[in-house]
Amino acid sequence: MSELIEADDLALLATGFEAAMAEAPAPGEADQALFDLGWAELLDAASSQGSATAFSALGKTNSAACLLDDVVAQALGTAVSPDTCVVFPSPHQATAPAQRRGDTVVIDGLVSARLERANTAALAVENGDGAVATAVDAALLHVTAAKGVDPGHAYRRLSVEIAADALTPLATSGTWEAAVAAAHSALAHQLLGGARWMLAEARQHAIDRVQFGRAVASFQAIRHKLAESLVLIEGAESVAQGCLHDPDPLLAALAKSLAGQAALTTATHAQQVLAGIGFTAEHQFHRWMKRTLVIDTLFGSASSLPIEIGNRLLSQDSAPRLIQL
Amino acid sequence: MDTATFRRELEAWLDANTQELTPPYEGAGTMDEQLAHYSHVKRALYDADFGRYGWPESVNGLGGSPLLRAIVGEEINLRGLADPSPWTMIEVLAPTVIDFARPEIAASLVPPFIRGDEMWCQGFSEPDAGSDLASISCRADKTDGGWVVSGQKIWTSFIQYAQRCVLLVRTGEPGSAHRGITALLVDVDSPGVSYSPIETMHGRHDFAEVHYDEVFVPDERLIGEEDGGWQVAMDILPYERSTTFWHRGALLHRRFSDLVAQMAASGDRSDTAAKALGQAFQSLVAFRCRSRDTQHRLAGGQQLGVETSIDKILITSAELELFEAARDLLGGVVEFDDDLDAAMWRTDYLYSKAAPIYGGTAEIQRNIVARRLLDLGPES
């Protein structure tokens, strides 16, 4: 995981991604626009930096582009293409979404809107001694239409049983653990991109909104809510940035959990500062807030990941230092 | 020397000298025992050269990045070989004295300080100037060859062990705020200095109330410019928020590991226990990653500033969460038990309550973040 891309080039890429995401609101169009910009090549050359840049842009723009499929596919070692989708774990979980039961495979998970256009789905199946990557015909994965809290977003539940012989084992170089770590790191950047957008909206509102003859930003109760949001965002950001240099799965889980906590707290504080207008559909805030709820649940949430992290420490009897000076 | 090589050599040396460096007392020990052992460890590190890296040659150091000092304190704290509090004074005061004091003063006084032969203290706060530091009133008036200092300071840590004190005094008009403040390096045994220790709620005499009654301080003990003391105080801040925090973070990491080991041994695998540990750990890691970025910015020669308020809030939250988790999970140990282990948890739990108060309260830090980092304009 070396740093291959210079900061200036990354900034250019980010600008290009953000523009493409803003211009193509539908998931399919957005995906294609990003592939046209070289998204697959970027993932191949510098997976963690590339996904961090793209997912920060996703968070900032609230685009419905389905890039998580590619990040997970790449880490699993399967083909990255706009025709391939991935089955993700159930909400709040990071375990493989499918289990082998005799001749049947029980799938309980989430899929993105990529499924609609995909020919093939990559599916991790738990078979007792670890998860194995398989490929399955995307047409076998039927999804019930559901709006959910965030109809503009790309993810929905998938609950289906299929015959085990419909799966083709994939000889891949990656592991499920690496796929989870890659997803954690990417999603942390998405959550933080969204949190920074919500904080910026609340900050501007606090400066513009006058009550009792002065900007509400002058009241300490409001200042401290915004300050606490920034502190949580910066703390999580340092961990998410740390993941770019260190592929440790525990560090990635911590980054996702901290980013979820930062984004959820920022959403709560920002909505309180926005007050009435932040509760309306007229203001854009609710879109970011709802997206935060969805992204927080993917691959384990700010509420479930600490349990998993705590159990991992308990089983090791100690706490690793993780990063060094 | 690169940091990885330095760490390896240091670890090897610490492994070889563990017995020699382990505190001779059980548990936390008395303050006298702690301070004596702290000096012993500092001298051993200095004489083995590890304690001289990261300090300039002008004070008998061996040069190199300040990261090396962060690593020494980290390894000592992870192994629990010395209490980090007295060490804090070196990391907070010595860099600024080296930058601002007359070179010959720094060259003669700083080496015994960093070798652990001397203890220094910091005379900033006053009864009427806590968070509002710029309102100090302890005065210094010019006299032949120096100043005469009169007034009162409070929360002066370790003065009963100290030879010298970095003192902020008012040299301008009473209302001159941060413009009329000067920094002096005062000998604690000067005639007119008296102090009475204040007992903390965890039963120690960490700090004292100090009276200065016409204390003479010679000219050469001026730190920085006359009326330039605010700049000196602000220069201290980044050091207080970099190396020192890294050391304290290592202590918190060790105590967290102790908690994990105790919980693992207890067999409690409930989600409640796992979640409390997971949350405490993620707060520690958020601080550690943030602080690493800060150490590298300092080592890279960047000017640290108000953004270190974020580091301060993160380490404070991590410390509070850790010891609240310990109190919850250990089931009455903090409240009822008196064995050595329980006494340590109780001491650490109670001491954690000071974290959002000292070094600028949690509220002041949030004010700084709001004003300077979020640019929210003035408060009403």
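Predicted model: local features only at pLDDT ≥ 70, side-chain atom pairs only at ≥ 80, totals over all residues.

Mentor: Leaving aside residues up to four places away in sequence, A:Leu43 touches A:Ser51, A:Asp70, A:Val71, A:Gln74 and A:Val80. A:Gly28, by contrast, lies 15 residues from A:Leu43 along the chain, and the C-alpha atoms of the two are separated by 19 Å.

A:Asp70 is found in helix α5 of chain A, which runs over residues 68–76, and it is buried, with a relative accessible area of 1%. Its contacts, again not counting residues up to four places away in sequence, are with A:Phe35, A:Trp39, A:Leu43, A:Val80, A:Ser81 and A:Arg114.

Elsewhere in chain A, helix α7 takes up residues 220–245, and its 26 residues reach 38 Å from the first C-alpha to the last, close to the 38 Å expected at 1.5 Å a residue. This helix is mostly covered, with 19 of its 26 residues buried.

Most residues other than glycine have a negative phi. A:Phe212, however, has a positive phi, near 55°, and A:Phe299 also has a positive phi, near 60°. A:Phe212 sits in the loop between β9 (210–211) and β10 (214–215), whereas A:Phe299 belongs to the loop between α9 (285–297) and α10 (305–316). As for their cover, A:Phe212 is exposed, with a relative accessible area of 73%, while A:Phe299 is buried, at 1%.

Turning to chain B, its secondary structure comes to 13 helices and 8 strands. One of these helices, α9, spans residues 271–299 of chain B; it has 29 residues and reaches 41 Å from its first C-alpha to its last, close to the 42 Å expected at 1.5 Å a residue. Helix α9 of chain B is mostly covered, 21 of its 29 residues being buried, and it is followed by B:Gly301, whose phi is positive, near 85°.

For chain B as a whole, the radius of gyration is 21 Å, which agrees with the value near 21 Å that a compact globule of 380 residues would have. Its C-alpha atoms fill a box of roughly 70 × 55 × 40 Å along the principal axes, and 55% of its 380 residues count as buried. Among the contacts in chain B with a separation of 6 or more, 71% are accounted for by residues 24 or more positions apart. The accessible surface of chain B comes to about 14,900 Å², and 50% of that area belongs to carbon and sulfur atoms.

Conventions: Residues numbered from 1 in each chain as written. Chains lettered and ligands numbered in written order. Heavy atoms only, no water. Contact = heavy atoms within 4.5 Å. Helix = DSSP H or I, 4+ residues; strand = E, 2+ residues; numbered from the N terminus. Rg over C-alpha atoms; globule rule 2.2 N^0.38 Å. Buried < 20%, exposed > 50% of the residue type's maximum accessible area, 1.4 Å probe, protein only. Areas by Shrake-Rupley, 256 points an atom, 1.4 Å probe, with all protein chains shown as cover. Expected span 1.5 Å × (residues − 1).
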